[in-house]
Amino acid sequence: MERTCPECGDKIIGRADKKFCSDACRNAHNNSLNKDNKNLVRNINNRLRKNYRILEKLNTEDKTKTTKDRLLRMGFSFDYFTGIYTTKSGSTYYYLYDQGYLPLDNDFYLLVKKDLK
């Protein structure tokens, strides 16, 4: 029985369990299957990366204060973060990997860096 490549339709030569005629067709097929998900993931990762860079730029001393307005002017999006930590006293820190922020009164934010050692 002759098998054909699901991507280009060419004849498949080789192992009995081979599904594509070449690595290029296998890659093209898998890339097209994952395209929608990849765009979503890429956009979210870009947003997280931008937020991280903003926090890193503002928080050079591992702990500092800034304003909501300053974060927004730099393009920070409060909708994207990688984790939440709530202290025993009820304070909620939002993290982007090791960079975090704590909302304070009057639209101020405490920026912190978690020691990952």
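Which ring does the charged end of K68 sit over? I looked that up before anything else. The charged end of K68 sits over the ring of F78, 5.8 Å from the ring centre. My rule for a charge over a ring: NZ of Lys or CZ of Arg within 6 Å of the ring centre and within 35 degrees of the ring normal.

Ground rules for this notebook. I'm working on a predicted model, where local features need pLDDT of at least 70, side-chain atom pairs count only at pLDDT 80 or more, and totals for chains, interfaces and linings use all residues. Residues are numbered from 1 along each chain as its sequence is written, and side-chain values use heavy atoms, with hydrogens and water left out.

**Another lysine.** I checked K114 too, and found this residue over the face of Y95, at 4.3 Å from the ring centre.

I traced 5 strands forming an open sheet, antiparallel in its pairing, in the order 1-5-4-3-2. Strand 1 (63–67) and strand 2 (83–86) are the edge strands, each pairing on one side only. Neighbouring strands are turned by 30° against each other on average, direction ignored. Strands here are DSSP runs of E, at least two residues, and helices are runs of H or I, at least four residues, both numbered from the N terminus. Two strands pair if DSSP finds at least two bridges between them. For the angles, axes are lines fitted to C-alpha atoms, and the range is 0 to 180 degrees between N-to-C directions.

**Strands 4 and 5.** I then looked at strand 4 (residues 99–103) and strand 5 (residues 108–113), which pair in the antiparallel sense over 5 bridges. G100 stands opposite V112 in strand 5.

**Aromatics.** I get 9 aromatic pairs. Rings of Phe, Tyr and Trp (its six-membered ring) pair if their centres lie within 6.5 Å; planes under 30 degrees apart are stacked, over 60 edge-to-face, the rest tilted. F81 and Y94 make an edge-to-face pair, 5.1 Å centre to centre with 70° between the planes. F81 is in the loop between helix 2 (68–73) and strand 2, and Y94 is in strand 3 (residues 92–96), so this pair ties together parts 13 residues apart in sequence.

Y101 and Y109 are also edge-to-face, at 5.8 Å centre to centre and 65° between the planes.

Buried or partly exposed? I used under 20% relative accessible area for buried, over 50% for exposed and partly exposed in between (1.4 Å probe, protein chains only). F81 is partly exposed at 30%, and Y94 is partly exposed at 23%. Y101 is buried at 2%, and Y109 is buried at 9%.

Last entry: F76, F78, F81, Y94, Y101 and Y109 form one aromatic cluster.
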